[in-house]
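Please keep the structure in view while working through them.

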Amino acid sequence: MPTTTISTTLLESVNIVLANLGESPVNSLSGGALPQQVSLALNTIEEVSTDIQSKGWWFNQQTASAYDETADIVIHPSSAANVWSSDIPEEARRYITIRASRIAQTRLIGSEELQKFSYNEELVSLAILQQAHVRNSNGVLDFTAFPVELRSLGMDEVMFLQGNVEEKIGTLRLGGELATIAKTKAETELIVDQEALVTQQALTETEETLKRTAEKDLLVAQELKVDAEKLLVDAQATTEGSQQTALGAQATKSTAEGTLATNQAALVTAQKDQLIAQTAIEATAEKAFFDGVVAGTQNTYRDFAAEMRMMGVQEAQFQGTPAYKKVELLSDATKLRTSTATETGSDATELSEVNKVMRFIGERPVTSLNSNSLASECVRLLRDTDRELQGRGWWFNTEKDVELTANGSGQITVPTDALSVELNAYATRIKTVGGVRYLYDLKEKSYTSWSDTVKAKVIYQRLLKDTPSKYLEYLNVRVAILLTELYPQSGVDIQRLPKMELELRAYFKDREFDEANYSVFDNYDAASRIGINRNYDLA
């Protein structure tokens, strides 16, 4: 029976991710626009939650039976109203939190040494989640359902939970393999000729019966041969008067050997007929799949290439699987597209940039953002990366000495498209009240103490169509690298992408230096050497 615990809240999960990034925790997720690092944490948690739930667990499969692997998978949003969905159990919340924390740290920092959670801790949390999956399957996947060989080792549920990390991982992998074997049950027949299949199955049963009969006759013949050889030895040891008995034994031996050869030939024939029957069944299934493709009624790998890539299935691997397995993979890909290809934006610039990213990673262009799961994932990652990159501040989205005027209530409203605001003469931060962002005076401890116009440096988030072409190229390359890290694909050469990113980064550094309003003489030591700020002239 599971132990009752206090469920992890979404706020706690966000603070765990922030802590792994070296950021300060927050007290609330409510209100208007959240700080950039909090939004990043929420987005990463949502992304990981969707990915993990898409694999299907006991809590998100809608079925009336105790456990049904063919049931539809329901993706419960992890951040609706800034709280966990009540349908997501604690084991899943914990695993999602640890994995999201590691992914966020890898994306922004990329140092394994600075990880607050090790890879083994992530695997242990996954093991606990799968243990809960087993426990909540109403006995279908219980430990007692595993083979006798495993139970004889004493590998029960208590020992599993008490084991160390390596033992849990090993047991989990063994349990996964056994569960995979148990899963192979009554596969839904493909579009085949039922009457031909039944006939072939009946033929297989007949051949199996003949095979068993031949094996039985072979054993009898072997016993006769042994008896005959024994009689021959006894006859040879007797006197001349027993020679006739020896001759009879020899004849019996010859007869037995003939019977043995006949039975062996019959066994070979039975095995050959069985192989022919099995081959005919598989050929019938493959032909039905092929006929469906030709007729246009059967989907293929290319119809769901993006989803197959996200599922980790390569085309060569797909083509090498049996027809019934192909249908199962296509069904899983359909469910993934239904649950994740949900972006319906109509911004032409976004669609254009998504297709550029698709070209970088070797995928076909799309006509809409919800054409497939990879396109929707790409545009979501594009938006997040764009906000993160623009938040660094560039010449095209940074304005100095922007005048901000207080209203009648002593408040200064932050522009809606501003990513950050730094006043020239005040220490401030942004405070959100009732969904509206205001400047908060850290010295006065108030956001209603402003009385005049102040000047500030403001970093704005520009629309994609208003950004320089080089920035768009940098953004596309960065998103392409992130996508290939999340969903790698064999045969796609992405060695050029990191080099392009370095070249673009060097370009932006040079451009930033060109646009900056300073020189080497801004350094005090250099200026003093040539007499600037001195009260006398050099000789």
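Two residues are in contact when heavy atoms of theirs lie within 4.5 Å, and helices (H or I, at least four residues) and strands (E, at least two) are DSSP runs numbered from the N terminus. The model is a predicted one, in which local features need pLDDT of at least 70 and side-chain atom pairs count only at pLDDT 80 or more, while totals for chains, interfaces and linings use all residues. Residues are numbered from 1 along each chain as its sequence is written, and side-chain values use heavy atoms, with hydrogens and water left out.

**Exercise 1.** Find which residues of helix H1 are buried, and name what covers them.

*Solution.* Begin with the term: a residue is buried under 20% relative accessible area, exposed over 50% and partly exposed in between, with a 1.4 Å probe and protein chains only. In H1, which spans residues 10-20, the buried residues are Leu10, Ser13, Val14, Asn15, Val17, Leu18 and Asn20. Their cover includes helix H2 (36-53) and H3. Just after H1 comes Gly22, whose phi is positive, at about 80 degrees. For the protein chain as a whole, buried residues make up 37% of the 539 residues.

**Exercise 2.** Describe how helices H3 and H4 pack.

*Solution.* First the geometry: axes are lines fitted to C-alpha atoms, for helices over the stretch in contact, and angles run from 0 to 180 degrees between N-to-C directions. Helix H3 (residues 90-108) and helix H4 (residues 119-135) have axes 9 Å apart and pack at about 155 degrees. Angles under 35 degrees count as roughly parallel, over 145 as roughly antiparallel, 65 to 115 as roughly perpendicular and the rest as oblique; H3 and H4 are therefore roughly antiparallel to each other. Next, the contact: H3 contributes Glu91, Ala92, Tyr95, Ile98, Arg99 and Arg102, whereas the H4 side includes Tyr119, Ser125, Leu129 and Arg135. Finally, sort the contact residues, counting Ala, Val, Leu, Ile, Met, Phe, Trp, Tyr, Cys and Pro as nonpolar, Asp, Glu, Lys and Arg as charged, and the others, Gly among them, as polar. The contact of H3 with H4 then has 8 nonpolar, 1 polar and 6 charged residues.

**Exercise 3.** Are H13 and H14 roughly parallel or roughly perpendicular to each other?

*Solution.* The axes of helix H13 (residues 348-360) and helix H14 (residues 373-390) come within 10 Å and cross at roughly 110 degrees, and the two helices are therefore roughly perpendicular. On the H13 side, Glu350, Glu353, Val354, Val357 and Met358 take part, and they meet residues of H14 including Leu374, Cys378 and Arg383. The residues of this contact divide into 8 nonpolar, no polar and 3 charged. Also in H14 is Ser376, which is buried with a relative accessible area of 0%. Leaving aside residues up to four places away in sequence, Ser376 touches Thr340, Ala341, Thr342, Glu343, Leu369 and Asn370.

**Exercise 4.** Which kind of aromatic pair do Tyr301 and Phe318 form?

*Solution.* Rings of Phe, Tyr and Trp (its six-membered ring) pair if their centres lie within 6.5 Å, and planes under 30 degrees apart count as stacked, over 60 as edge-to-face and the rest as tilted. By this rule there are 6 aromatic pairs. The pair of Tyr301 and Phe318 is tilted, with 5.5 Å centre to centre and 50 degrees between the planes. Tyr301 lies in the loop between helix H9 (243-295) and helix H10 (305-311) and Phe318 in helix H11 (residues 315-319), so the pair ties together parts 17 residues apart in sequence. Tyr301 is buried at 3% relative accessible area, and Phe318 is buried at 2%.
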